[in-house]
Amino acid sequence: MPLPLAPLVPLALRIGAVAAVGFALRRFVAARSFPGRTDQRAEDALDDLGDGLAMHRPKDVQGQKNAALRVRRKIRFRGKTYELDAGAIGRLRLKETE
């Protein structure tokens, strides 16, 4: 006896439509996104950060604040150990223009 496939057609069409929209969205985002780059100077600066949060105002630049953050932890989960090393450097510069 043949299998009745007619009831599966609406489900297959919905799944196909969702897959097509997802594929088109992925292509759209990939075409308009910046590929990024790795700057070795920035990598070295992040590696040289101390643990914790630091904020300061440089004396030679008016209206600027700098911040640096580094967190290093070891996380144990389900018998495996993961090492977390997160670092961030930020700058906020506010200039008055005329």
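**Exercise 1. What radius of gyration does the protein chain have, and what would a compact globule of 98 residues have?**

*Solution.* The model is predicted: local features need pLDDT of at least 70 and side-chain atom pairs count only at pLDDT 80 or more, while totals for chains, interfaces and linings use all residues. Residues are numbered from 1 along each chain as its sequence is written, and side-chain values use heavy atoms, without hydrogens and water.

Step 1. The radius of gyration is taken over C-alpha atoms, and the globule rule is 2.2 Å times the number of residues to the power 0.38.

Step 2. For 98 residues a compact globule would have a value near 13 Å, but the protein chain has 25 Å.

Step 3. Along the principal axes, the C-alpha atoms fill a box of roughly 85 × 55 × 20 Å.

**Exercise 2. State the order of the secondary structure elements in the protein chain.**

*Solution.* Step 1. Helices (H or I, at least four residues) and strands (E, at least two) are DSSP runs, numbered from the N terminus.

Step 2. The protein chain has two helices and three strands, and the order from the N terminus is α-α-β-β-β.

**Exercise 3. Is Arg70 buried or exposed?**

*Solution.* Step 1. Buried means under 20% relative accessible area, exposed over 50%, and partly exposed in between (1.4 Å probe, protein chains only).

Step 2. Arg70 belongs to strand S2 (residues 64–77). Arg70 counts as buried because its relative accessibility is 7%.

Step 3. Buried residues make up 6% of the 98 residues in the protein chain.

Step 4. Not counting residues up to four places away in sequence, Arg70 touches several residues (contact: heavy atoms within 4.5 Å), among them Leu46, Leu49 and Asp85.
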